[in-house]
Amino acid sequence: MANDVLLSVKDLHTWYELKKWGFLHAGYVRAVDGVSFSLHRGEALTIVGESGSGKTTLLKTILGLAPKTKGEIVFAGQKLDGKRGGVEQLRSQVGFVQQDPYGALPPFMTVRKILEEPMLINKFGTGAEREQRIREVMEEVRLLPVNDFLAKYPHMLSGGQQQRLVIARAMILRPSLIVADEPVSMLDASVRVEILELMRRIQTAHNLGVIYITHDLSTVRYFSERVFIMYAAKVVEQAGVDEIVHNSLHPYTKALLTAIPDPDPDNAHRYRDVPSGEPPSLVNPPSGCRFHPRCPVKIEGQCEVEVPPPFEPMKGHLVECWLYKA
Amino acid sequence: MNQIRATDQINTSSSRQGSPDQGSDTLLDVRNLCLHFRTSRGVLQAVDDVSFSMQRRRSIAIIGESGCGKTSLARAILRLLPRNVHTYKGEVYLDGTDVMTLSDEWFRQKVRWTKVSMVSQAAMNALNPVLKVGTQVAEPLIVHERMTKRDALARAREVFRIVGVPEDFLHRYAFELSGGMRQRAILAMALVTNPALVILDEPTSALDMLTQANIFNALKDIKNQLEVGFILITHDISTSSDLADEVIVMYAGQLVEHSLSTTAYRAPLHPYARGLMSSVPTLREDKKLEFIPGQPPSLINPPSGCRFAVRCSRRFERCDQEPPTFTVGEHGELVKCWLHAKE
Ligand SMILES: Nc1ncnc2c1ncn2[C@@H]1O[C@H](COP(=O)(O)OP(=O)(O)OP(=O)(O)O)[C@@H](O)[C@H]1O
Ligand SMILES: Nc1ncnc2c1ncn2[C@@H]1O[C@H](COP(=O)(O)OP(=O)(O)O)[C@@H](O)[C@H]1O
Ligand code: SF4
Ligand code: SF4
Ligand SMILES: [Mg+2]
Ligand SMILES: [Mg+2]
């Protein structure tokens, strides 16, 4: 089982330094502040969090695109220490699907060139083999008929097609892990599901590890079983989708569930009982539990003083909240 | 709260011909509104022949995919037009007056802000950084209603309370406010003149879910307390149901369905509206999601028949030949689809 772990992250911290007048130290943005988890081969994991909660930074740190401040990342048994070798090796094994498909694609390259480039950089196969791989991947993401798309430029594609191209590019080197940062948030509702289902299909077909990041909890059940909830740079709860939706434990997760409507005409006649206030600054985060200034059930004298460690009140269901102290 | 029942009627403006009576329950009556833009590749039909009407104190959500013409429709109603207008025609009765026939000057003085105001997409970032928030909220009163600064600030304070901004924020600058508070200040600005209609264009899509829910709570309060109707423009269908009494679905520049929220969210009529609703992921219910294949047509030279035809699974011959006309349902709902034609 142990060598079945594809990615393991321990006590990861990524702090961005803030500078005044360009050189004076003025504090840190603690964008990721103590995150640990492991992902098995072929497993799909979703990380849900509000904008600014540190999701993108977490991914970028794993990919070596943001400098880690502290902690350990082990990918396929190899420790990534931030030195070049590890990261380069990682990049060919990890596909990255960015938040914004429009910004992710070079505007002056055709679909064929966009897909060929990572193979050229990584010296993958002969010309014929590359061509073959391009067609294979395009069929998989349904950019069909392939011949109609090969010579097109990104601006000639719809948002959904662009995102499929980004996914194709992420898959082209046959990675073992795909990280997708809000892959559908820029897309219209009517194509979102199509892309999520596509990713799910690819994930199962190739036994890929996938980390799917989203701010939209309602898309989660259409993609993965295991869910992490991030709040203010920490993972505050982790459990299976059904557990999260029907038996959430953390007061923040509960508030989030209350805040999210399903389309229902009766919504117009009910108020949502959610705490007021807004997510805290990550430069001076609240002491103790970061949710305590908004928490309706906080324990005076404890929550604002001590940082809650992860508790496991039920097997496989972790929560960083003092209410669940054993 | 003033509940909308399934037996309620959509205001189809009983007399579609002739001008509606002043003082009636009709707040807004839009007829055959077109807004076409001139572009380098041809004329783009952003809003094409849209008609709908709305009662006082109702809220209507306008939903549809990006680029279908929602913001353009709002701009057409508010006469906030860009330079490259090719065609701008139709009638927009607000409180019985066709505001399209008013002079620009009159419209600016007597209608925009005083009778109808708008919170636009990304307005949050449009607050003036060097003026105190309270001053900005009071400004429309000083400019449009010739109030004294003192009275205007007193009124601003009152509106701050309604939208849930602490009073001392009147004296702060925009950068000192969080995103949610800034958005509330913008809302206060739109309400301060006591307009009968407020158009909200994606008012919360930049905010976190908890803040968004809090703002919708505030909007519900406002709706119950004040004599105001809302037009909520959004592509977030789930969230639209937090305010909507009625729903307008737009597709490719046209209105394809206008129905009560009970119909729109539970059993929409138009094939596009159905596809759209069944593509919305739900949190609690484990429903099978569907998606609509293909993409919307270009608004430059759109198809001459039904604009949804190429993506429609119910399409038949007539759909390609003639553009569908509106059919009026038993509660006054409108649907632009040949399947519903009563013949
Ligand atoms: N000034 C303009 N000149 C030319 N075309 C325009 C102009 N403004 C908008 N359009 C086009 O009109 C169509 C409708 O745009 P509009 O902004 O109304 O869409 P929307 O439904 O509000 O979309 P979104 O959900 O993305 O805000 C689009 O095709 C858009 O590109
Ligand atoms: N390069 C950077 N320098 C400084 N601060 C940053 C940088 N990138 C992100 N941040 C900050 O880190 C926090 C987390 O951001 P991000 O990881 O992008 O969150 P998310 O993806 O969840 O929206 C935010 O406060 C953001 O402003
Ligand atoms: S630790 Fe305390 S403040 Fe934090 S979520 Fe739990 S109860 Fe609330
Ligand atoms: S008119 Fe025809 S093509 Fe258009 S929506 Fe109705 S059935 Fe479909
Ligand atoms: Mg992000
Ligand atoms: Mg818009």
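The questions and answers below concern a predicted model and take up its sheets, one histidine and its ligands.

Q: In what order do the four strands of the open sheet in chain A stand, and which two are at the edges?
A: The open sheet of chain A has four strands, in the order E2-E1-E4-E5, with antiparallel pairing. From one strand to the next the twist averages 30 degrees. A strand at the edge has a single partner, so one of its sides is left without a neighbour in the sheet. In chain A the edge strands are E2 (24-40) and E5 (78-80).

Q: Which residue of E4(A) is the bridge partner of Val9(A)?
A: Strand E1 of chain A covers residues 5-20, and strand E4 of chain A covers residues 70-75. These two strands pair in the antiparallel sense over five bridges. In E4(A), the bridge partner of Val9(A) is Ile73(A).

Q: At about what angle to E1(A) does helix H1 of chain A run?
A: Helix H1 of chain A consists of residues 55-62. This helix lies across E1, E2, E4 and E5 of chain A. Its angle to E1(A) is about 115 degrees.

Q: Is His250(A) buried or exposed?
A: His250(A) sits in the loop between helix H9 (241-246) and helix H10 (251-259) of chain A. Beyond its neighbours within four places in sequence, His250(A) is in contact with residues including Val236(A), Phe291(A) and Val319(A). Its relative accessibility is 1%, and residues under 20% count as buried. His250(A) is therefore buried.

Q: Which backbone nitrogen does the side chain of His250(A) reach at 2.9 Å?
A: The side chain of His250(A) has a polar atom 3.2 Å from the backbone oxygen of Glu320(A). The backbone nitrogen reached at 2.9 Å belongs to Tyr252(A).

Q: How many bridges join strand E1 of chain B to E2(B)?
A: Chain B has an open sheet of four strands in the order E2-E1-E4-E5, paired antiparallel. Strands E2 (42-55) and E5 (97-98) of chain B are at its edges, each with a single partner strand. Strand E1 of chain B, residues 26-39, runs antiparallel to E2(B), and Thr39(B) stands opposite Gly42(B). The number of bridges joining E1 to E2(B) is ten.

Q: Which strands of chain B does helix H1 of chain B touch?
A: Helix H1 of chain B, residues 70-78, packs on the sheet. Its direction makes about 115 degrees with that of E1(B). The strands touched are E1, E2 and E4 (85-94) of chain B.

Q: Which residue has a polar backbone atom 2.6 Å from an oxygen atom of ligand 2?
A: The residues around ligand 2 include Ser51(A), Gly52(A), Ser53(A), Gly54(A) and Lys55(A). A backbone N or O atom of Ser53(A) is 3.2 Å from an oxygen atom of the ligand, and one of Gly54(A) is 3.0 Å from an oxygen atom of the ligand. At 2.6 Å the residue is Gly52(A).

Q: How many charged residues are in the shell around ligand 3?
A: Among the residues surrounding ligand 3 are His250(A), Cys289(A), His292(A), Lys298(A) and Cys303(A). Eight residues of the shell are nonpolar and two are polar. The charged residues number one.

Q: How many nonpolar residues does the shell around ligand 4 have?
A: Ligand 4 is surrounded by 13 residues, the closest being Cys306(B), Cys312(B), Cys319(B), Cys337(B) and Trp338(B). One residue of the shell is polar and two are charged. The nonpolar residues number ten.

Conventions: Residues numbered from 1 in each chain as written. Chains lettered and ligands numbered in written order. Predicted model: local features only at pLDDT ≥ 70, side-chain atom pairs only at ≥ 80, totals over all residues. Heavy atoms only, no water. Pairing = 2+ DSSP bridges. Axes fitted to C-alpha atoms, helices over the stretch in contact; angles between N-to-C directions. Contact = heavy atoms within 4.5 Å. Buried < 20%, exposed > 50% of the residue type's maximum accessible area, 1.4 Å probe, protein only. Polar contact = N/O pair within 3.5 Å; in protein donor to acceptor, adjacent residues only side chain to side chain. Near = heavy atom within 4 Å. Nonpolar A, V, L, I, M, F, W, Y, C, P; charged D, E, K, R; others polar.
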